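Please keep the sequence and the coordinates at hand.

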Amino acid sequence: MRTVMKKILMLTAFALTGLAAAQDTTTTTTETTTTTTTVAEPVNAPAMMSAGDNFAKAQEYAVQADVAYPVPFYDRTLWKAAVDHAYYAASMEAGNRDYNAYLAQLYTKTQWWINAYNAWTRLGDLTDQEKQWASLSAAKLAYLALQRGDKTTARMYVEKGMAWADSASLQAIMKRL
């Protein structure tokens, strides 16, 4: 899954021009040298941009984030910017499947499981790859529900995940229910 998403994001990078790079600033004191990496904040507020511009920015920030961070999480500046711009694009054009699918992919990649699950559910018919991502989000939520002792909710997530795409993870969780 990571490889496929990485390929998608890398291909997106070739379509985009002028990626902003992270800047290194060095501060020297008499005792130690500290290197701080700063990342460019979004210049335009997502709400003030068109859906197409937000979608392009989401892709741009995702490519940068994929390079900048070893593990993708929403709380990382560039991942947050990518998700936020994708969210605005999808919100502005709710009927645009590409925008909504990309948002669901970013939720999945940044491990925001409940938002990923809900986004995949709203999309309806999924491609084979999307079914894999959706199934992963359901498996993660099932595991979390099982960890807190909520077998009913865990079963619901497992069944939905298996409807998308069966996996060893879902089967293992089902055995524990």
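Does Y99 count as buried or exposed? In this predicted model, Y99 has a relative accessibility of 11% and therefore counts as buried, since the cut-off for burial is under 20%.

Y99 belongs to an aromatic pair with F55. The ring centres of F55 and Y99 lie 4.7 Å apart and the planes meet at 35°, so the pair is classed as tilted. F55 sits in helix α2 (residues 51-68) and Y99 in helix α4 (residues 97-109), so the pair joins distant parts of the chain, 44 residues apart. F55 is buried as well, at a relative accessible area of 17%. Ring pairs also bring in Y102, which forms a cluster with F55 and Y99.

A second pair consists of Y117 and W164. This one is edge-to-face, with 5.5 Å from centre to centre and 70° between the planes. Y117 lies in helix α5 (residues 113-123) and W164 in helix α7, 47 residues apart.

W164 leads on to the helix packing. Helix α6 (residues 128-147) packs with helix α7 (residues 151-164) at an angle of about 165°, and their axes are 8 Å apart. Angles over 145 degrees count as roughly antiparallel, which is why α6 is described that way relative to α7. The crossing of the two helices is left-handed. On the α6 side the contact includes A134, A138, L141 and A145, and on the α7 side A154, Y157, V158 and W164 are among the residues involved. By class, the contact has 10 nonpolar, four polar and two charged residues.

Conventions. Residues numbered from 1 in each chain as written. Predicted model: local features only at pLDDT ≥ 70, side-chain atom pairs only at ≥ 80, totals over all residues. Heavy atoms only, no water. Axes fitted to C-alpha atoms, helices over the stretch in contact; angles between N-to-C directions. Helix = DSSP H or I, 4+ residues; strand = E, 2+ residues; numbered from the N terminus. Parallel < 35°, antiparallel > 145°, perpendicular 65-115°, else oblique. Left-handed = near helix turned anticlockwise from the far one by under 90°. Contact = heavy atoms within 4.5 Å. Nonpolar A, V, L, I, M, F, W, Y, C, P; charged D, E, K, R; others polar. Phe/Tyr/Trp six-rings, centres within 6.5 Å; stacked < 30°, edge-to-face > 60°. Buried < 20%, exposed > 50% of the residue type's maximum accessible area, 1.4 Å probe, protein only.
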